[in-house]
Amino acid sequence: MAKQQQAIQAIRGMHDILPEQSPHWQWLEGHARDVLGAYGYQEIRLPIVEKTELFKRSIGEVTDIVEKEMYTFDDRNGDSLTLRPEGTAGCLRACLEHGLLHNQSHRLWYYGPMFRHERPQKGRYRQFYQLGVETYGMAGPDIDAEMILLTDRLWKRLGIRDMVELQINSLGTAEERLAYRGTLVEYFNQHLDYLDEDSRRRLDTNPLRILDSKNPDMQAMLRGAPVLLDHLGTDSLAHFDRLKGTLDVLGLKYAINTRLVRGLDYYGKTVFEWVTERLGSQGTICAGGRYDGLIEQLGGKANHAIGFAMGMERILALIEQLEHVDIPAGVDVYLIRVGEQAETVGMRLAEQLRDALPGLKIQVNCGGGSFKSQFKKADKSGAEYAIIIGDDEAQNQVAALKPLRLEQEQTTLDHQALIETLRAWQQQRFHTTAN
């Protein structure tokens with residue numbers, strides 16, 4: 001007797017999205033596409049695999065991402081390739097490769113899986129999904145404000161605006177940060193006893209990241225650290241003031257977080273994050289900032305860029321906390337057929353409905369079964385209506401329409417009247433959703 005093979009399971013930290021979960025993802029993705037379209041942003045689709053050198057040059061060879069977290073391998077030609085750990089570098093690579101930045105400005109977005117070999121925990125996975133937005137060729141704080149307004153509009157549409165807070169800061173220029181860095185290192189050297197192992201390691205390589213530490217034992221010391229905003233020049237402060245002024249005029253509340261930093265030198269001026277207290281330590285659902293310096297770092301001519309990325313799993317975790325979310329089911333109408341003649345007539349009717357009512361999601365019962373068993377399937381599908389056809393209905397060219405979610409009577413209609421009834425319901429639903 002052959003030994004039963006052991007079942008193969010998914011890789012740790014990489015999850016299946018099951019059919020009952022997919023409508024939530026599609027609902028979120030649909031709202032995001034609508035909002036991005038309303039602001040005139042265009043989708044760009046990027047490879048999941050890039051040359052490893054792209055991330056070494058953009059993220060830095062001595063960062064945790066490159067040294068410890070990337071999925072890197074040699075292909076058959078001996079080239080070192082990497083599953084993308086983030087999307088900004090790939091998007092910029094595509095724009096440079098195809099000449100999109102020459103005397104042009106662009107508003108772009110992309111969506112898909114990213115990969116990092118981290119310790120899996122809720123809100124942090126080895127394969128995770130991000131929606132990223134990047135803009136190029138615009139220097140002023142107006143595009144910074146637009147990005148923040150875009151995300152604010154999305155949170156409102158999703159119903160989670162009250163759960164999140166906007167935090168902003170300015171990192172100034174590279175020269176201003178360099179001068180500030182000396183002051184900051186001097187302060188930390190005077191408080192070495194308070195620094196944890198991680199922070200001591202960063203003291204020489206990336207002291208600004210120490211400011212972002214979540215270690216509770218360091219918070220009092222960090223509150224006394226020198227503030228970068230106090231070391232910015234006239235131009236950087238003017239840029240930040242104009243951003244704040246725009247947000248103030250438009251009534252968008254924010255908090256200035258002087259410890260909001262980025263670990264990479266090509267970031268400058270505006271940085272922002274949307275954070276929540278509802279997800280524990282994984283409280284950042286969206287992070288963005290200006291990265292003008294990266295374009296030259298990847299071989300392009302000096303230009304302006306700002307972007308953000310949002311973590312889809314974390315946003316969905318927030319949505320799950322809402323009392324009610326009107327997420328459409330995967331099926332609008334379930335068609336029940338019992339009887340030999342009903343089998344053929346029902347299949348033909350389903351095709352007529354799809355022709356007459358584009359967008360209506362109709363699932364036809366296949367595989368037979370009694371009326372009772374088919375009704376159970378109809379209810380489980382989440383459909384709003386069941387259409388019922390037996391041989392009598394098939395003979396008379398009619399069908400019964402039964403609401404499954406409302407206390408309404410079942411009605412018998414000829415096929416044209418059935419089409420008109422479902423069209424009216426479809427239009428009413430569209431009107432309700434639009435409002």
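**Close-up 1. Helices H5 and H9 lie oblique to each other in this predicted model.** Helix H5 covers residues 141–158 and helix H9 covers residues 234–249; the two pack at an angle of about 40°, and their axes are 9 Å apart. The crossing of H5 past H9 is right-handed. On the H5 side, the contact is made by Pro141, Asp144, Ala145 and Ile148. H9 contributes His239, Arg242, Leu243, Thr246 and Leu247. Sorted by class, this contact of H5 with H9 holds five nonpolar residues, two polar ones and two charged ones.

Close-up 2. The buried residues of H6 are Glu176, Arg177, Tyr180, Leu184, Val185, Tyr187 and Phe188. Among the elements that cover these buried residues are helix H7 (197–205), helix H8 (219–223) and H9.

**Close-up 3. Leucine 83 and its contacts away from its sequence neighbours.** Leucine 83 belongs to strand E4, which runs over residues 80–83. When neighbours within four places in sequence are set aside, leucine 83 is in contact with Ile48, Val49, Tyr71 and Phe115. Glutamate 118 is 35 residues from leucine 83 along the chain, and the C-alpha atoms of the two are separated by 14 Å.

How values were computed:
Residues are numbered from 1 along each chain as its sequence is written. This is a predicted model: local features need pLDDT of at least 70, side-chain atom pairs count only at pLDDT 80 or more; totals for chains, interfaces and linings use all residues. Side-chain values use heavy atoms; hydrogens and water are left out. Axes are lines fitted to C-alpha atoms, for helices over the stretch in contact, and angles run from 0 to 180 degrees between N-to-C directions. Helices (H or I, at least four residues) and strands (E, at least two) are DSSP runs, numbered from the N terminus. Angles under 35 degrees count as roughly parallel, over 145 as roughly antiparallel, 65 to 115 as roughly perpendicular and the rest as oblique. A crossing is left-handed if the near helix is turned anticlockwise from the far one by less than a right angle, and right-handed if clockwise. Contact means heavy atoms within 4.5 Å. Ala, Val, Leu, Ile, Met, Phe, Trp, Tyr, Cys and Pro count as nonpolar, Asp, Glu, Lys and Arg as charged, and the others, Gly among them, as polar. Buried means under 20% relative accessible area, exposed over 50%, partly exposed in between (1.4 Å probe, protein chains only).
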